[in-house]
Amino acid sequence: MRRLVLLALACGCATLAHAEDASWNATLRVRASGAQATDSGPLAAAHAAGLAVSAPSAAVLEAELQGSAPLGPLRVSADLLVRSERPEGERSQGRLGINEAYLAGGTNGWQWSAGKKVLSWDVGYGFRPNDVVQQETRRSLVSLPLEGRPLLMGEYFTADRAWTLVAVNPTTHRHATDAREPALAARLYQRDGAIDWHGFARLGVRTGASVGAAAAWVVNESLALHASARYLRRDDSVAYVSPGAPLASRNPWLFHQTGPARQWLIGGSWTTAEQISLLLEAWRDDTAPSAADWRGWATRNAELASLARAGAPALAVAGNQAWQASAFNAASALRRNTLFARLSWTHDNWQPAIDVLYHPQDGGCMLTAALAWQGDRLKLETGLRRHAGPASALIRQLPERTQGYVMA
(Lines give C-alpha, C1' and ligand atoms only; values in the text may rest on other atoms or scores of the structure.)
Protein backbone atom coordinates (compact mmCIF):
# COMPACT_ATOMS: atom_id res chain seq x y z
CA MET A 1 0.00 0.00 0.00
CA ARG A 2 2.76 2.46 0.89
CA ARG A 3 4.52 1.74 -2.40
CA LEU A 4 1.30 2.47 -4.31
CA VAL A 5 0.82 5.76 -2.43
CA LEU A 6 4.40 6.84 -3.11
CA LEU A 7 3.99 5.90 -6.77
CA ALA A 8 0.77 7.95 -6.99
CA LEU A 9 2.52 10.95 -5.45
CA ALA A 10 5.46 10.59 -7.82
CA CYS A 11 3.14 10.39 -10.83
CA GLY A 12 1.22 13.43 -9.62
CA CYS A 13 4.44 15.43 -9.22
CA ALA A 14 5.61 14.44 -12.70
CA THR A 15 2.26 15.35 -14.29
CA LEU A 16 2.18 18.79 -12.66
CA ALA A 17 5.84 19.45 -13.37
CA HIS A 18 5.36 18.87 -17.12
CA ALA A 19 1.99 20.58 -17.47
CA GLU A 20 2.08 24.02 -19.06
CA ASP A 21 1.48 26.89 -16.61
CA ALA A 22 1.33 24.43 -13.71
CA SER A 23 2.55 25.09 -10.18
CA TRP A 24 3.23 22.61 -7.42
CA ASN A 25 5.10 22.07 -4.18
CA ALA A 26 5.72 19.17 -1.85
CA THR A 27 6.22 19.21 1.92
CA LEU A 28 7.55 16.53 4.24
CA ARG A 29 6.77 16.95 7.95
CA VAL A 30 7.97 14.91 10.90
CA ARG A 31 6.44 15.62 14.31
CA ALA A 32 6.68 14.24 17.83
CA SER A 33 4.13 15.18 20.48
CA GLY A 34 3.53 14.32 24.12
CA ALA A 35 1.06 15.16 26.88
CA GLN A 36 0.71 14.93 30.64
CA ALA A 37 -2.73 13.87 31.89
CA THR A 38 -4.72 16.24 34.09
CA ASP A 39 -4.24 16.00 37.84
CA SER A 40 -7.66 17.32 38.92
CA GLY A 41 -11.32 16.66 38.23
CA PRO A 42 -13.27 13.60 37.04
CA LEU A 43 -10.90 12.80 34.18
CA ALA A 44 -7.96 12.53 36.58
CA ALA A 45 -9.96 9.99 38.58
CA ALA A 46 -10.81 8.07 35.40
CA HIS A 47 -7.17 8.07 34.37
CA ALA A 48 -6.11 6.79 37.79
CA ALA A 49 -8.62 3.95 37.42
CA GLY A 50 -6.95 2.81 34.22
CA LEU A 51 -8.99 4.62 31.53
CA ALA A 52 -6.83 6.72 29.20
CA VAL A 53 -8.39 10.17 28.87
CA SER A 54 -5.48 12.11 27.38
CA ALA A 55 -3.96 11.69 23.94
CA PRO A 56 -0.90 9.41 23.99
CA SER A 57 2.53 10.56 22.86
CA ALA A 58 2.92 10.01 19.13
CA ALA A 59 5.35 10.25 16.24
CA VAL A 60 3.92 11.42 12.91
CA LEU A 61 5.34 11.47 9.40
CA GLU A 62 3.41 13.37 6.72
CA ALA A 63 3.94 13.97 3.01
CA GLU A 64 1.83 16.69 1.37
CA LEU A 65 1.56 17.52 -2.32
CA GLN A 66 -0.12 20.75 -3.46
CA GLY A 67 -0.54 21.75 -7.07
CA SER A 68 -2.69 23.39 -9.70
CA ALA A 69 -2.78 23.17 -13.48
CA PRO A 70 -4.97 24.41 -16.33
CA LEU A 71 -7.66 22.12 -17.68
CA GLY A 72 -8.99 23.78 -20.81
CA PRO A 73 -10.65 27.05 -19.74
CA LEU A 74 -10.68 25.89 -16.12
CA ARG A 75 -8.04 25.25 -13.47
CA VAL A 76 -7.79 22.20 -11.25
CA SER A 77 -6.20 22.43 -7.78
CA ALA A 78 -5.46 19.69 -5.29
CA ASP A 79 -3.86 19.17 -1.88
CA LEU A 80 -3.09 15.52 -1.09
CA LEU A 81 -1.85 14.24 2.26
CA VAL A 82 -0.26 10.92 3.25
CA ARG A 83 0.17 10.32 6.98
CA SER A 84 1.78 7.61 9.09
CA GLU A 85 1.18 7.95 12.85
CA ARG A 86 2.46 5.77 15.66
CA PRO A 87 0.90 6.46 19.07
CA GLU A 88 2.93 5.32 22.06
CA GLY A 89 2.37 1.65 22.77
CA GLU A 90 0.32 1.11 19.60
CA ARG A 91 0.91 0.06 16.02
CA SER A 92 1.46 2.53 13.19
CA GLN A 93 -1.64 3.87 11.47
CA GLY A 94 -1.63 5.09 7.87
CA ARG A 95 -3.98 7.51 6.13
CA LEU A 96 -4.31 8.89 2.61
CA GLY A 97 -6.44 12.03 2.54
CA ILE A 98 -7.53 14.84 0.25
CA ASN A 99 -7.48 18.27 1.89
CA GLU A 100 -8.54 20.04 -1.28
CA ALA A 101 -9.57 19.04 -4.82
CA TYR A 102 -11.61 21.49 -6.89
CA LEU A 103 -12.20 23.05 -10.29
CA ALA A 104 -12.26 26.82 -10.68
CA GLY A 105 -13.02 29.22 -13.49
CA GLY A 106 -14.20 32.74 -14.13
CA THR A 107 -14.72 35.64 -16.50
CA ASN A 108 -15.63 39.35 -16.38
CA GLY A 109 -15.43 39.64 -12.61
CA TRP A 110 -17.24 36.35 -11.97
CA GLN A 111 -15.48 33.36 -10.43
CA TRP A 112 -16.75 29.96 -9.39
CA SER A 113 -15.38 26.84 -7.68
CA ALA A 114 -16.69 23.29 -7.29
CA GLY A 115 -15.22 20.51 -5.19
CA LYS A 116 -13.52 20.27 -1.81
CA LYS A 117 -11.99 23.57 -0.70
CA VAL A 118 -10.79 25.45 2.39
CA LEU A 119 -12.88 28.61 2.86
CA SER A 120 -12.26 30.48 6.12
CA TRP A 121 -14.14 33.72 6.86
CA ASP A 122 -14.16 36.43 9.56
CA VAL A 123 -11.55 38.73 11.09
CA GLY A 124 -10.72 37.37 14.57
CA TYR A 125 -7.68 35.39 15.70
CA GLY A 126 -8.70 33.45 18.82
CA PHE A 127 -12.39 33.20 17.91
CA ARG A 128 -14.34 33.67 14.68
CA PRO A 129 -18.14 33.89 15.09
CA ASN A 130 -18.75 34.23 11.34
CA ASP A 131 -16.53 31.38 10.11
CA VAL A 132 -19.74 29.68 8.99
CA VAL A 133 -18.34 27.54 6.14
CA GLN A 134 -14.98 26.11 7.26
CA GLN A 135 -15.80 26.30 11.01
CA GLU A 136 -12.10 25.96 11.76
CA THR A 137 -10.90 24.96 15.22
CA ARG A 138 -8.97 27.99 16.42
CA ARG A 139 -5.81 28.05 18.55
CA SER A 140 -4.81 24.42 18.15
CA LEU A 141 -1.34 23.85 19.55
CA VAL A 142 0.06 22.52 16.26
CA SER A 143 -0.72 24.47 13.09
CA LEU A 144 -1.45 21.99 10.29
CA PRO A 145 -3.14 22.24 6.87
CA LEU A 146 -6.93 22.39 7.04
CA GLU A 147 -9.24 19.89 5.39
CA GLY A 148 -11.67 21.67 3.09
CA ARG A 149 -15.45 21.34 2.84
CA PRO A 150 -17.39 20.04 -0.17
CA LEU A 151 -18.92 23.11 -1.79
CA LEU A 152 -20.22 24.96 -4.84
CA MET A 153 -19.19 28.62 -4.78
CA GLY A 154 -19.85 31.67 -6.94
CA GLU A 155 -18.20 35.07 -6.46
CA TYR A 156 -18.37 38.48 -8.11
CA PHE A 157 -15.58 41.04 -7.67
CA THR A 158 -15.14 44.73 -8.32
CA ALA A 159 -12.31 47.00 -7.15
CA ASP A 160 -13.91 47.60 -3.72
CA ARG A 161 -16.65 45.02 -3.35
CA ALA A 162 -17.16 41.26 -3.48
CA TRP A 163 -20.22 39.02 -3.28
CA THR A 164 -19.90 35.33 -2.39
CA LEU A 165 -22.58 32.62 -2.36
CA VAL A 166 -21.74 29.09 -1.20
CA ALA A 167 -23.60 25.79 -1.04
CA VAL A 168 -21.57 23.83 1.51
CA ASN A 169 -21.89 20.06 1.98
CA PRO A 170 -24.50 19.78 -0.80
CA THR A 171 -24.24 15.97 -0.93
CA THR A 172 -24.13 15.37 2.83
CA HIS A 173 -27.05 13.77 4.69
CA ARG A 174 -29.52 16.36 5.95
CA HIS A 175 -29.14 15.13 9.56
CA ALA A 176 -25.36 15.79 9.61
CA THR A 177 -24.28 18.14 12.41
CA ASP A 178 -21.78 20.94 13.03
CA ALA A 179 -19.44 21.69 10.11
CA ARG A 180 -20.87 18.77 8.06
CA GLU A 181 -24.40 20.23 8.00
CA PRO A 182 -25.68 21.12 4.49
CA ALA A 183 -26.17 24.87 4.29
CA LEU A 184 -26.24 27.96 2.11
CA ALA A 185 -23.89 30.79 3.12
CA ALA A 186 -23.32 34.29 1.74
CA ARG A 187 -20.81 37.06 2.34
CA LEU A 188 -20.65 40.68 1.24
CA TYR A 189 -17.30 42.48 1.42
CA GLN A 190 -16.98 46.26 1.04
CA ARG A 191 -13.79 48.31 1.30
CA ASP A 192 -14.25 51.85 2.60
CA GLY A 193 -10.86 53.55 2.78
CA ALA A 194 -8.98 52.04 5.72
CA ILE A 195 -11.99 49.98 6.87
CA ASP A 196 -13.07 46.58 5.56
CA TRP A 197 -16.75 45.76 6.13
CA HIS A 198 -18.15 42.23 6.02
CA GLY A 199 -21.73 40.96 6.09
CA PHE A 200 -22.63 37.27 6.54
CA ALA A 201 -25.70 35.06 6.33
CA ARG A 202 -26.18 31.31 6.68
CA LEU A 203 -29.17 29.01 6.29
CA GLY A 204 -28.59 25.50 7.65
CA VAL A 205 -30.87 22.56 6.87
CA ARG A 206 -31.29 21.83 10.58
CA THR A 207 -30.00 24.86 12.50
CA GLY A 208 -31.85 27.45 10.43
CA ALA A 209 -30.80 31.04 9.81
CA SER A 210 -28.02 33.18 11.22
CA VAL A 211 -26.71 36.62 10.32
CA GLY A 212 -23.51 38.44 11.21
CA ALA A 213 -21.23 41.37 10.50
CA ALA A 214 -17.55 42.18 10.97
CA ALA A 215 -15.15 45.08 10.44
CA ALA A 216 -11.38 45.49 10.29
CA TRP A 217 -9.84 48.98 10.56
CA VAL A 218 -6.20 49.77 9.88
CA VAL A 219 -5.85 52.92 11.99
CA ASN A 220 -2.20 53.56 11.12
CA GLU A 221 0.98 51.62 10.33
CA SER A 222 1.11 50.28 13.91
CA LEU A 223 -2.49 49.92 15.10
CA ALA A 224 -5.31 47.76 13.69
CA LEU A 225 -8.73 47.11 15.26
CA HIS A 226 -11.33 44.46 14.46
CA ALA A 227 -14.77 43.32 15.63
CA SER A 228 -17.27 40.62 14.74
CA ALA A 229 -20.80 39.67 15.82
CA ARG A 230 -23.34 36.99 14.91
CA TYR A 231 -26.91 36.05 15.85
CA LEU A 232 -28.04 32.45 15.33
CA ARG A 233 -31.37 30.74 15.92
CA ARG A 234 -30.09 27.27 16.80
CA ASP A 235 -26.77 25.53 17.45
CA ASP A 236 -25.69 21.88 17.70
CA SER A 237 -24.56 20.86 21.17
CA VAL A 238 -24.74 18.03 23.71
CA ALA A 239 -26.60 17.78 27.02
CA TYR A 240 -26.65 15.38 29.96
CA VAL A 241 -29.74 13.14 30.01
CA SER A 242 -30.27 11.31 33.28
CA PRO A 243 -30.02 7.53 32.77
CA GLY A 244 -32.46 6.91 35.62
CA ALA A 245 -29.81 5.06 37.63
CA PRO A 246 -26.79 6.15 39.68
CA LEU A 247 -24.44 4.87 36.97
CA ALA A 248 -25.10 4.98 33.22
CA SER A 249 -24.40 1.93 31.05
CA ARG A 250 -23.73 4.11 27.99
CA ASN A 251 -22.74 7.72 27.42
CA PRO A 252 -25.53 9.90 28.91
CA TRP A 253 -24.35 12.99 26.99
CA LEU A 254 -26.62 13.12 23.93
CA PHE A 255 -27.11 15.38 20.94
CA HIS A 256 -29.03 18.54 21.77
CA GLN A 257 -29.88 21.81 20.04
CA THR A 258 -29.62 25.16 21.82
CA GLY A 259 -30.54 28.70 20.87
CA PRO A 260 -31.13 31.40 20.04
CA ALA A 261 -27.66 32.73 20.81
CA ARG A 262 -25.35 35.67 20.22
CA GLN A 263 -21.60 35.70 19.63
CA TRP A 264 -19.28 38.69 19.46
CA LEU A 265 -15.60 39.57 19.50
CA ILE A 266 -13.57 42.77 19.74
CA GLY A 267 -9.82 43.06 19.40
CA GLY A 268 -6.82 44.96 18.19
CA SER A 269 -3.14 44.58 17.44
CA TRP A 270 -0.14 46.87 17.91
CA THR A 271 2.99 46.23 15.84
CA THR A 272 6.30 48.06 16.21
CA ALA A 273 8.97 48.77 13.60
CA GLU A 274 10.99 45.94 15.14
CA GLN A 275 8.15 43.49 14.23
CA ILE A 276 7.05 43.00 17.83
CA SER A 277 3.29 42.50 17.83
CA LEU A 278 0.77 42.52 20.69
CA LEU A 279 -2.74 41.17 20.03
CA LEU A 280 -5.59 41.60 22.51
CA GLU A 281 -9.08 40.12 22.13
CA ALA A 282 -12.23 39.63 24.20
CA TRP A 283 -15.22 37.57 23.15
CA ARG A 284 -18.61 36.32 24.24
CA ASP A 285 -20.10 33.02 23.04
CA ASP A 286 -23.65 32.24 24.17
CA THR A 287 -23.46 28.76 22.59
CA ALA A 288 -21.05 27.69 25.36
CA PRO A 289 -22.60 26.05 28.46
CA SER A 290 -23.92 28.50 31.04
CA ALA A 291 -22.63 28.86 34.59
CA ALA A 292 -25.68 26.85 35.76
CA ASP A 293 -24.82 24.08 33.29
CA TRP A 294 -21.29 23.83 34.68
CA ARG A 295 -22.60 23.81 38.27
CA GLY A 296 -24.76 20.82 37.35
CA TRP A 297 -21.71 19.19 35.77
CA ALA A 298 -19.71 19.71 38.98
CA THR A 299 -22.57 18.27 41.04
CA ARG A 300 -22.53 15.17 38.86
CA ASN A 301 -18.76 14.86 39.41
CA ALA A 302 -19.27 15.00 43.17
CA GLU A 303 -21.97 12.32 42.98
CA LEU A 304 -19.65 9.99 41.05
CA ALA A 305 -16.87 10.55 43.58
CA SER A 306 -19.31 9.67 46.39
CA LEU A 307 -20.30 6.47 44.59
CA ALA A 308 -16.63 5.52 44.29
CA ARG A 309 -16.09 6.03 48.03
CA ALA A 310 -19.23 4.01 48.77
CA GLY A 311 -17.78 0.98 46.99
CA ALA A 312 -19.53 1.15 43.60
CA PRO A 313 -17.81 -0.86 40.80
CA ALA A 314 -14.60 1.02 40.08
CA LEU A 315 -14.63 0.49 36.32
CA ALA A 316 -18.26 1.60 36.00
CA VAL A 317 -17.57 4.77 38.00
CA ALA A 318 -14.42 5.48 35.97
CA GLY A 319 -16.37 5.07 32.72
CA ASN A 320 -19.01 7.56 33.87
CA GLN A 321 -16.27 9.98 34.93
CA ALA A 322 -14.63 9.68 31.51
CA TRP A 323 -17.98 10.40 29.83
CA GLN A 324 -18.06 13.71 31.68
CA ALA A 325 -15.47 14.88 29.12
CA SER A 326 -18.32 15.01 26.57
CA ALA A 327 -19.33 18.35 28.07
CA PHE A 328 -16.12 19.86 26.67
CA ASN A 329 -17.47 19.25 23.15
CA ALA A 330 -20.69 21.19 23.68
CA ALA A 331 -19.29 24.31 21.98
CA SER A 332 -16.07 25.78 20.65
CA ALA A 333 -15.56 27.61 23.97
CA LEU A 334 -15.69 26.34 27.55
CA ARG A 335 -16.87 29.58 29.12
CA ARG A 336 -19.08 32.25 27.60
CA ASN A 337 -16.64 35.07 28.41
CA THR A 338 -12.99 34.86 27.36
CA LEU A 339 -9.97 37.18 27.32
CA PHE A 340 -6.98 36.52 25.08
CA ALA A 341 -3.53 38.08 24.62
CA ARG A 342 -0.70 37.14 22.26
CA LEU A 343 2.82 38.58 22.06
CA SER A 344 4.97 37.64 19.05
CA TRP A 345 8.21 38.77 17.43
CA THR A 346 9.64 38.20 13.96
CA HIS A 347 13.43 38.64 13.99
CA ASP A 348 15.44 37.46 11.00
CA ASN A 349 14.53 33.76 10.69
CA TRP A 350 13.19 33.44 14.25
CA GLN A 351 9.53 33.68 15.32
CA PRO A 352 8.94 33.36 19.09
CA ALA A 353 5.42 33.81 20.50
CA ILE A 354 3.58 33.49 23.80
CA ASP A 355 -0.17 33.74 24.40
CA VAL A 356 -2.61 33.57 27.29
CA LEU A 357 -6.29 32.59 27.23
CA TYR A 358 -8.09 33.53 30.45
CA HIS A 359 -11.56 32.80 31.87
CA PRO A 360 -12.44 35.58 34.33
CA GLN A 361 -15.34 33.58 35.77
CA ASP A 362 -13.20 30.86 37.40
CA GLY A 363 -9.58 32.02 36.92
CA GLY A 364 -8.71 29.27 34.45
CA CYS A 365 -5.71 30.05 32.26
CA MET A 366 -4.21 28.42 29.15
CA LEU A 367 -0.56 29.38 28.59
CA THR A 368 1.17 28.65 25.27
CA ALA A 369 4.74 29.30 24.16
CA ALA A 370 6.06 28.57 20.67
CA LEU A 371 9.28 29.06 18.74
CA ALA A 372 9.84 28.67 14.99
CA TRP A 373 12.87 29.03 12.72
CA GLN A 374 12.23 29.47 8.99
CA GLY A 375 14.91 28.86 6.36
CA ASP A 376 14.65 28.69 2.58
CA ARG A 377 13.41 25.10 2.55
CA LEU A 378 13.52 23.99 6.17
CA LYS A 379 11.26 25.07 9.03
CA LEU A 380 11.70 23.98 12.66
CA GLU A 381 8.99 24.43 15.30
CA THR A 382 8.42 23.63 18.93
CA GLY A 383 5.61 24.51 21.32
CA LEU A 384 4.43 23.95 24.90
CA ARG A 385 0.97 24.48 26.41
CA ARG A 386 0.09 24.46 30.11
CA HIS A 387 -3.36 24.54 31.72
CA ALA A 388 -3.19 26.60 34.89
CA GLY A 389 -5.40 28.25 37.51
CA PRO A 390 -7.39 26.97 40.51
CA ALA A 391 -8.03 23.22 40.65
CA SER A 392 -11.76 23.94 40.20
CA ALA A 393 -11.25 25.92 36.96
CA LEU A 394 -12.70 24.28 33.85
CA ILE A 395 -9.41 24.55 31.97
CA ARG A 396 -7.81 22.44 34.71
CA GLN A 397 -10.43 19.72 34.07
CA LEU A 398 -9.40 19.19 30.43
CA PRO A 399 -7.84 15.78 29.62
CA GLU A 400 -4.29 17.15 29.35
CA ARG A 401 -2.50 19.33 31.90
CA THR A 402 0.54 19.90 29.65
CA GLN A 403 1.09 19.38 25.92
CA GLY A 404 4.21 19.78 23.82
CA TYR A 405 5.54 19.07 20.34
CA VAL A 406 8.54 19.44 18.04
CA MET A 407 8.24 19.47 14.26
CA ALA A 408 10.46 19.83 11.19
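User: Which strand holds Leu 278?
Analyst: Leu 278 lies in strand β15. Bear in mind that this is a predicted model.

User: Is Leu 278 buried, exposed or partly exposed?
Analyst: Leu 278 has 37% relative accessibility. Buried would need under 20% and exposed over 50%, so Leu 278 counts as partly exposed.

User: What does Leu 278 touch, leaving out residues up to four places away in sequence?
Analyst: Gly 268, Ser 269, Trp 270, Arg 342 and Leu 343.

User: How far is Leu 278 from Arg 342, in sequence and in space?
Analyst: They are 64 residues apart in sequence. C-alpha to C-alpha, the gap is 5.8 Å.

User: And Asn 329 and Tyr 125, how far apart are they?
Analyst: Along the chain, 204 residues. Their C-alpha atoms are separated by 20 Å. Asn 329 sits in the loop between α4 (314–323) and β16. With a relative accessible area of 62%, Asn 329 is exposed.

User: Switching to Asp 236. Where is it, and is it buried or exposed?
Analyst: Asp 236 is in strand β12, residues 235–240. Its relative accessible area is 7%, so it is buried.

User: What polar partners does the side chain of Asp 236 have?
Analyst: The Asp 236 side chain reaches the backbone nitrogen of Asp 178 at 2.9 Å. A 3.0 Å polar contact also joins the side chains of Asp 236 and Arg 206.

User: Which other residues does Asp 236 touch?
Analyst: Beyond four places in sequence, its contacts include Thr 177, Thr 207, Phe 255, His 256, Gln 257 and Ala 330. Asp 178 and Arg 206 are on that list as well.

User: Next, Gln 263. Buried or exposed?
Analyst: Buried, because its relative accessibility is 7% and the cut-off for buried is under 20%. Gln 263 belongs to strand β14, residues 261–271.

User: Which side chain makes a polar contact with Gln 263?
Analyst: That of Asp 285, at 3.0 Å.

User: What else does Gln 263 touch?
Analyst: Setting aside residues up to four places away in sequence, Gln 263 touches several residues, among them Phe 127, Pro 129, Ser 228, Ala 229 and Arg 230. Leu 232, Arg 284 and Thr 287 are contacts too.

User: What about positive phi at Asn 108, what is the value?
Analyst: About 55°, although Asn 108 is not a glycine. Asn 108 is found in the loop between β4 and β5 (110–117). At 70% relative accessibility, it counts as exposed.

User: And what is phi at Gln 275?
Analyst: Near 65°, which is positive in a residue other than glycine. Gln 275 lies in the loop between β14 and β15 (276–285). It counts as partly exposed, at 43% relative accessibility.

User: On to pockets. What is the volume of the second largest pocket?
Analyst: About 1300 Å³. The lining has 46 residues. Val 142, Ser 143, Leu 144, Glu 381 and Met 407 lie nearest the centre.

User: Which element gives the most to that lining?
Analyst: β18, with six residues. Elements giving two or more residues include β1 (23–37), β3 (74–87), β19 (379–388) and β20 (400–407).

User: How does the lining of the second largest pocket divide by residue type?
Analyst: 19 nonpolar, 12 polar and 15 charged.

User: Last, the whole chain. How many helices and strands?
Analyst: Five helices and 20 strands.

User: How does its radius of gyration sit against a compact globule?
Analyst: A compact globule of 408 residues would have a radius of gyration near 22 Å. The chain has 23 Å, which agrees. Along its principal axes, the C-alpha trace spans about 75 × 50 × 50 Å.

User: What share of the residues is buried?
Analyst: 39% of the 408 count as buried.

User: And how much of the contact set comes from residues 24 or more positions apart?
Analyst: 54% of the contacts with a separation of 6 or more.

Terms used: Residues numbered from 1 in each chain as written. Predicted model: local features only at pLDDT ≥ 70, side-chain atom pairs only at ≥ 80, totals over all residues. Heavy atoms only, no water. 1 Å grid on protein atoms, 1.4 Å probe; cavity = no way out; pocket = protein on both sides within 12 Å on 5 of 7 lines; lining within 4 Å. Points joined across faces, edges and corners; volume = space filled by probe spheres on them. Helix = DSSP H or I, 4+ residues; strand = E, 2+ residues; numbered from the N terminus. Nonpolar A, V, L, I, M, F, W, Y, C, P; charged D, E, K, R; others polar. Buried < 20%, exposed > 50% of the residue type's maximum accessible area, 1.4 Å probe, protein only. Polar contact = N/O pair within 3.5 Å; in protein donor to acceptor, adjacent residues only side chain to side chain. Contact = heavy atoms within 4.5 Å. Rg over C-alpha atoms; globule rule 2.2 N^0.38 Å.
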